[in-house]
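Reader: I would like to learn how to read a sheet and the helices around it. Could you take me through the features in turn?

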Amino acid sequence: MFSVAVCVRAEREREQERQTDRHLKHWTNSSSFDLQHSLTMAKRDFSEISDTCSWESPDYEPWFPVSEKSNPLTRDIDKASPNHIVRLLAACDAQMFQTDTGTIYQRLFSDSVVRTMLEVARTVEQILRDPEDSLIVLSGCGTSGRLAFLIASRFNRSLRDRQQTTVYSYIIAGGDRALLTSQEASEDDPKLGILTLEKLCEGKRHVLFIGISCGLSAPFVAGQLDFCLKHPDIYTPVLVGFNPVTQAREETMPGYSLTFREVVQRMEEQRGQRAFIINPAVGPEAISGSSRMKGGSATKILLESVLAAAHTAAFTNTHVTRRVLLDMMRGYERVYSVTYSHSDQIATLLQTAGLSLQCGGRVCYLSWGSLGLVGLIDASECIPTFGADYEDIRGFTSGGYQDMDNIEGDLTSLGSQFCVAHEDFVSLVLPTLSDRDTVLLLYTCHDDVGEVEKMAHRVREKTSNLHSLYHGLEGDSAADSIALLCSSVLNITWPSSSTVHMQWELSSKLVLNAVSTGSHVLKGKIYRNHMVDLQVTNSKLYHRAIHILQKLSDVSLTQCEEALLKAIYNVEQLPEDITSAGVTTHTLTASRRKRVVPLALVCLLIGCSLSEAESRLESHPVVRDAVEACLTSSQHLTSSPGDQTSTNQ
């Protein structure tokens, strides 16, 4: 009976994949700039297999905020082919741009969202016109902090190019080392956030503070927002996130008397001139909770649209208008459409990177110009998201720290994972490079193509597994000679515009997110559409891990937390000193352990001991394979884990 059920289900899943591919292909492979038409077609086509907006139903995983829900489109992404993975990611990213659907959720282009963005842009414009003793601070944790750095750096360069006073700065929880490595324990410290903000803004008379927390959950940022509310004579706080305010975290912050939700409620009371909240819903992530993807992209779209509109007004002696702001945002819509019109080439990169990771090889991004930061950010996020080693996917930028222009300067003395220049690649990686490694060149027509070609020749001497992502303007052919050296080429052509550099960055982010996520899917780091090998290094990830276990096992949260603690402490029974300890103690111990969530999941699904789960994972490194192998050998079970977990989706 079991074998028949497996065969029937496998054929059903294959047919679903074929059907999804057919529905997606005609709109993701279109080069048309009419994205709204593509979105309409996508929604209609998906209705045959799954409603793309079903996550908006109040009955769909009601106990999770939007940013932590599982996306119904990707529930079997862990079994998808490379081409299918890219198409599923495209479908999920399309949800960012969908219009209002009449539910409780406001969207990216909702009037209330655009109106608030307009008000913030006008505040930025005022600072640009009178920058003396003023500062615009962007702050966040993890991906949000890295994007704060990227955006602040981008707009300071724009001001320097105009010979204007720079007014932007950034804060990332954990300091500059968090730009490249996981420092997520700092996210839980609201007082540290306040102290960092106070120090940075000392002596300023007007500070526009933009706190980014995709899930409205980071205590580090909440503390800063609360501090701003207490000092309205100097600080104007802006919160950017992608959950409704009613879904902000209710857990009391460590060493603080408030919850994130209480801080947000205080901001709502002063909403308007003294506090702003920009929080459209962009839909669940393709990989549940992985806000480095849509959350990061939407952050970039929102903030760069606001800041670019303000710069345009301030330096053309005009004023920020709704039309200018919407034009900026529509430009990013076109970026999405143009990028995913190259789905087949993206799938080729994804498959190549996946094969490298599967055979113990490395993936290296060699980038030039502003794309260097995009490559560094994507590589750094793989460590906490997938439990990856820092050498699995690495980024290197042509100018190293000189081009990065980060506050703390050169960090190479902290260890090899902080070596990010091309010279570091040549000395640390190139000598041992082989065909099992994947190297991806990222550059644009504004970079020194001769320098790119020289590096391509050096890499080519070691491996044929060389690929390129090139952004050019209409009519240029600068990349032709480099293309001859590469196994695959992704050339994207753009019309010239004042914001083309930022569009190149977003396009590269979409491609690299697909490559790094998809390659880890192929490596077996995903179970259904959940990142089950995440590092449990702070309270957000601790609670996320418990909820992932609950969704996949369909047992109580208490049982899931017990299984997680057993895996963290490597014990079969939990003594009182563990059960009575706080989350901070648990996450500190978990930071020194690997694969704690997969271990706990196997224990829960199979009902086995921790030692047996470890044995199963050693023989089947792919979590889904380990579970299915156990269930197949278990005589009393006649269904697969796909059936066992489907009630949770």
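This is a predicted model: local features need pLDDT of at least 70, side-chain atom pairs count only at pLDDT 80 or more; totals for chains, interfaces and linings use all residues.

Reader: What is the order of the strands in the open sheet, and in which sense do they pair?

Author: The open sheet has 5 strands, and their order is β2-β1-β3-β4-β5, with parallel pairing. Because β2 (168-172) and β5 (276-278) each have a single partner strand, they stand at the edges, and one side of each is left without a neighbour in the sheet. From one strand to the next, the twist averages 20°.

Reader: How many bridges join β1 and β2, and which residue of β2 is the bridge partner of Gly140?

Author: Strand β1, which covers residues 134-140, pairs with β2 in the parallel sense over 5 bridges, and the partner of Gly140 in β2 is Ile172.

Reader: Which helices lie on this sheet, and at what angles do they run?

Author: Helix α4 (residues 111-129) lies across β1, β2, β3 (206-212), β4 (235-240) and β5, and its direction is at about 125° to β5. Helix α7 (residues 219-230) also packs on the sheet, where it touches β1, β2, β3 and β4, and its direction makes about 145° with that of β4.

Reader: Is β3 largely enclosed or largely open?

Author: A residue counts as buried when its relative accessible area is under 20%. In β3, 6 of the 7 residues are buried, so this strand is largely enclosed by the rest of the structure.

Reader: Where is Ser539 placed, and is Ser539 buried or exposed?

Author: Ser539 belongs to helix α18, which covers residues 539-553. Its relative accessibility is 5%, so Ser539 counts as buried.

Reader: Which residues does Ser539 touch, if those up to four places away in sequence are not counted?

Author: With those sequence neighbours left out, Ser539 touches Asp188, Arg249, Glu251, Val583 and Thr587.

Note on methods. Residues are numbered from 1 along each chain as its sequence is written. Side-chain values use heavy atoms; hydrogens and water are left out. Two strands pair if DSSP finds at least two bridges between them. Helices (H or I, at least four residues) and strands (E, at least two) are DSSP runs, numbered from the N terminus. Axes are lines fitted to C-alpha atoms, for helices over the stretch in contact, and angles run from 0 to 180 degrees between N-to-C directions. Contact means heavy atoms within 4.5 Å. Buried means under 20% relative accessible area, exposed over 50%, partly exposed in between (1.4 Å probe, protein chains only).
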